[in-house]
Each structure stands twice: as structure tokens, then as C-alpha cells.
Amino acid sequence: MKRLLLLLIFLAPLPAWADGFGFETPSGNIYCNGHISDGGGISCEIVVRQGPPARPKPSSCRQSWGHSFSLQGSGSAELICGPKPSRVGYSEIAAYGQSGTFGDITCYSERTGFTCENRSGHGFFLSRRKQEIF
């Protein structure tokens, strides 16, 4: 009976997070996590940033603002209120000049910054000096 139970556990479908990924830019200042199922989704953190945030800080935000960005396969990008990020040290590096497609989202890593855009034309641009939502 135990053998049958173990076999059933290993044959069960994998959860949705099995298509997840995580990577960072060569500087280690930007890192992202996401998934490719259901059109894809990505969230990116910029550890050290300068200048004004991409959007004004809402009065309801009691944590850090201007560091966390989120994008789904369609719809607008969002700026997320949350704890201030710190470097993570992922082993997967999005080298400068490299692009990747994650569901309906395409991201570009360049020396000038990191951009993600969905099929609706919405997205974000992140660099130490400037962050934008479009």
C-alpha cells in the first residue's frame, strides 16, 4: 500500500509554479521572478534606484515604494508597495544584449537598463537612474 501511495504522489500533476523562473541582470541590481503559464507574469525588483519613483507613492503605502514592478501577459504594469529589496544572487544571469520571452511577455537586458513588455504594449523600464511604467 505504501508503494502505491508513493507512486501516486510521483505521478500526480505538478503544481502551476513548476513553470516558474528567476534571474538577475549582470549588475545584480535588478532581479525578476515569474511564470510562463496563462500568458505569463513577471515581477522585478530594483535594489538601488535614483530619482523620483515611476508613480507617486500612495498614502496607503507604509513600506518601500518605487522598487517593485509587476506585469502580466496583458494589461497595465503595476508598481507594488512592499519591503525594500536586497540583492539575491541568482545563478541565472540575463546578459546584456539578451532577450527572453515568458508567455506573452518579452524582456530585454541592455547596459542602459532592463525592459519588459507584454502583448498589449504595456510594461516597464528599469535602470539605476530612471524607472518608467508605460
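Author: Asp38 is found in the loop between E2 and E3. This is a predicted model, and in it the phi of Asp38 is near 55°, a positive value in a residue other than glycine. Asp38 is also exposed, its relative accessible area being 80%.

Strand E2 (residues 30-35) and strand E3 (residues 41-46) run antiparallel and are joined by six bridges. Within this pairing, His35 stands opposite Gly41 in E3.

Both strands belong to an open sheet of five strands, in the order E1-E2-E3-E4-E5, with antiparallel pairing. E1 and strand E5 (78-82) stand at the edges with a single partner strand each, so one side of each has no neighbour in the sheet. On average, neighbouring strands of this sheet are turned by 25° against each other, direction ignored.

From E3 the pairing can be followed onward. E3 and E4 run antiparallel and are joined by five bridges, and the bridge partner of Glu45 in E4 is Ser68. E4 in turn pairs with E5 in the antiparallel sense over four bridges, where Ser68 has Ile80 of E5 as its bridge partner. E4 and E5 form a hairpin with five residues between them, and Gly75 in the turn has a positive phi of about 95°. Strand E4 (residues 64-72) has eight of its nine residues buried, so this strand is largely enclosed by the rest of the structure.

Glu24 lies in strand E1 (residues 21-24). Glu24 is buried yet has no salt bridge, and the nearest side chain of opposite charge, that of Arg87, is 6.5 Å away. What lies 2.8 Å from a polar atom of the side chain of Glu24? It is the backbone nitrogen of Tyr90. Tyr90 is also among the residues in contact with Glu24 when neighbours within four places in sequence are left aside; the others are Ile30, Tyr31, Val88, Gly89, Glu92, Ile93 and Ala94.

A further open sheet is built from five strands in the order E6-E7-E8-E9-E10, again with antiparallel pairing. Its edge strands are strand E6 (98-102) and strand E10 (131-133), each of which pairs on one side only. Here neighbouring strands are turned by 10° against each other on average, direction ignored.

E6 and strand E7 (residues 105-110) run antiparallel and are joined by five bridges, with Gln98 standing opposite Ser109 in E7. Further along the sheet, four bridges join strand E8 (residues 113-118) to E9 in an antiparallel arrangement. In this pair the bridge partner of Glu117 in E9 is Gly123. The hairpin of E8 and E9 has four residues between the strands, and Gly121 takes a positive phi near 85° there.

In a regular strand the side chains alternate between the two faces of the sheet. Strand E9 (residues 123-126) is covered on both faces: Gly123 and Phe125 on one side, and Phe124 and Leu126 on the other, are all buried. E9 is joined to E10 by three bridges, the two running antiparallel, and Phe125 has Glu132 of E10 as its bridge partner. A hairpin through four residues connects E9 to E10.

The count of salt bridges comes to two. In one, the side chains of Asp104 and Arg119 meet at 2.8 Å, N to O. Asp104 lies in the loop between E6 and E7 and Arg119 in the loop between E8 and E9, so the pair ties together parts that are 15 residues apart in sequence. Asp104 is partly exposed, with a relative accessible area of 28%, whereas Arg119 is exposed at 59%.

In the other salt bridge, the side chains of Lys130 and Glu132 meet at 3.2 Å, N to O. Lys130 counts as partly exposed at 42% relative accessibility, and Glu132 is likewise partly exposed, with a relative accessible area of 32%.

Key. Residues are numbered from 1 along each chain as its sequence is written. This is a predicted model: local features need pLDDT of at least 70, side-chain atom pairs count only at pLDDT 80 or more; totals for chains, interfaces and linings use all residues. Side-chain values use heavy atoms; hydrogens and water are left out. Buried means under 20% relative accessible area, exposed over 50%, partly exposed in between (1.4 Å probe, protein chains only). Lys and Arg count as positive and Asp and Glu as negative; His and the chain ends are not counted. A salt bridge is a side-chain nitrogen of Lys or Arg within 4 Å of a carboxyl oxygen of Asp or Glu. A polar contact is a pair of N or O atoms within 3.5 Å; within protein, one must be able to donate a hydrogen and the other to accept it, and residues adjacent in sequence count only if both atoms are side-chain atoms. Contact means heavy atoms within 4.5 Å. Two strands pair if DSSP finds at least two bridges between them. Axes are lines fitted to C-alpha atoms, for helices over the stretch in contact, and angles run from 0 to 180 degrees between N-to-C directions.
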